[in-house]
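Some notes on the model follow, point by point. Please read them with the structure open.

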Amino acid sequence: MLVVYFRYLFMFPVFIVFRLRMFSAWVLSEVVCIFAGLGAYPTQTNPKCAQGPTKPLPQDSEILSTDYNFETIHNIDGYMCDTVSTLRDAMRYWNMTVQWWLKNYIYVRCPIKSLRTSITLFVSAIWHGVHPGYFLSFLTIPIMLLAEDLMIQAFRTEENSWIYRKLNWFIRSRGLDYLAMGFLLLSWKDTIRFWSSVYFIPHIFSVLFIIIGLVFKPKQKKLKDEKDNIRQVSQGIGKKTD
């Protein structure tokens with residue numbers, strides 16, 4: 001059992017080093033683009049990551065005196081990646097330009113809504129390379145996202161939101177440590193061997209969370225009935241007032 005604890009502790013600093021490598025590469029690439037003048041747009045046009053200007057430049061604006069920013073080539077927000085509480089939000093701040101492309105050209109255009117996330121992440125795995133470790137990690141993410149969403153719907157409330165966010169942050173962080181092994185080990189054999197050495201605990205917990213979330217998830221029919229009752233009561237009050 002101590003060996004398992006050690007392996008989980010081992011994943012934590014390994015993923016920190018991996019993240020810092022990626023953060024450094026993306027920040028340096030942004031610096032290169034800035035020095036080259038790429039991605040510079042007037043702030044008045046409200047440029048967004050990967051998308052560019054979203055508003056036309058006012059006709060009365062003077063180009064030479066206009067402020068510019070490089071939000072279009074902004075690719076990583078390391079602080080938000082490390083501090084947001086959910087896996088879904090953490091992914092939004094990681095490799096943001098590629099995330100935008102995947103969302104607009106794969107996710108939105110996928111005709112099967114229930115498979116949009118899985119297909120998008122499958123394409124992302126292909127984009128990263130042909131190593132099985134990429135596919136193992138990327139195709140585990142939809143399971144974790146489903147588990148996270150169901151648990152939030154079932155248990156997070158306004159009263160427990162603060163503590164729930166802290167707990168969810170810890171769980172999703174350990175999940176990312178686990179997924180990073182696929183990116184680092186790359187081969188099917190090595191990735192499965194390491195995951196099996198920690199008993200696939202993140203996979204098992206994800207499945208358990210899905211089951212628990214489905215069991216305790218607020219029933220849509222119950223919510224609909226409550227809304228109908230409220231509507232009927234409101235209509236009754238209105239008639240009496242008339």
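1. Lys55 sits in the loop that runs between β1 (41-42) and β2 (68-69). The model is predicted, and the points below should be read on that basis.

2. Lys55 has a relative accessibility of 49% and so counts as partly exposed, since exposed requires over 50%.

3. Which residues does Lys55 touch, not counting residues up to four places away in sequence? They are Gln44, Thr45 and Asn46. For Thr45, the C-alpha to C-alpha distance to Lys55 is 4.5 Å, although the two residues are 10 apart in sequence.

4. Arg19 belongs to helix α1 (residues 2-36). Its relative accessible area is 15%, so Arg19 is buried, the limit being under 20%. Leaving aside residues up to four places away in sequence, Arg19 touches Asp82 and Trp94.

5. Helix α10 (residues 201-216) has 16 residues, which at 1.5 Å a residue should span 22 Å. The C-alpha atoms at its ends are 22 Å apart, in agreement with that value.

6. Buried or exposed: how do the residues of α10 divide? Pro202, His203, Ser206, Ile210 and Gly213 are the buried ones. Viewed down the axis of α10, these buried residues fall within an arc of 105°, so they line one face of the helix. Val215 and Phe216, on the other side of α10, are exposed.

7. The cover over the buried residues of α10 includes α7 (141-155), α8 (161-185) and α9 (188-197). Helix α1 also contributes to that cover; α1 is the helix in which Arg19 lies.

Definitions and conventions: Residues numbered from 1 in each chain as written. Predicted model: local features only at pLDDT ≥ 70, side-chain atom pairs only at ≥ 80, totals over all residues. Heavy atoms only, no water. Helix = DSSP H or I, 4+ residues; strand = E, 2+ residues; numbered from the N terminus. Buried < 20%, exposed > 50% of the residue type's maximum accessible area, 1.4 Å probe, protein only. Contact = heavy atoms within 4.5 Å. Expected span 1.5 Å × (residues − 1). Arc of directions from axis to C-beta.
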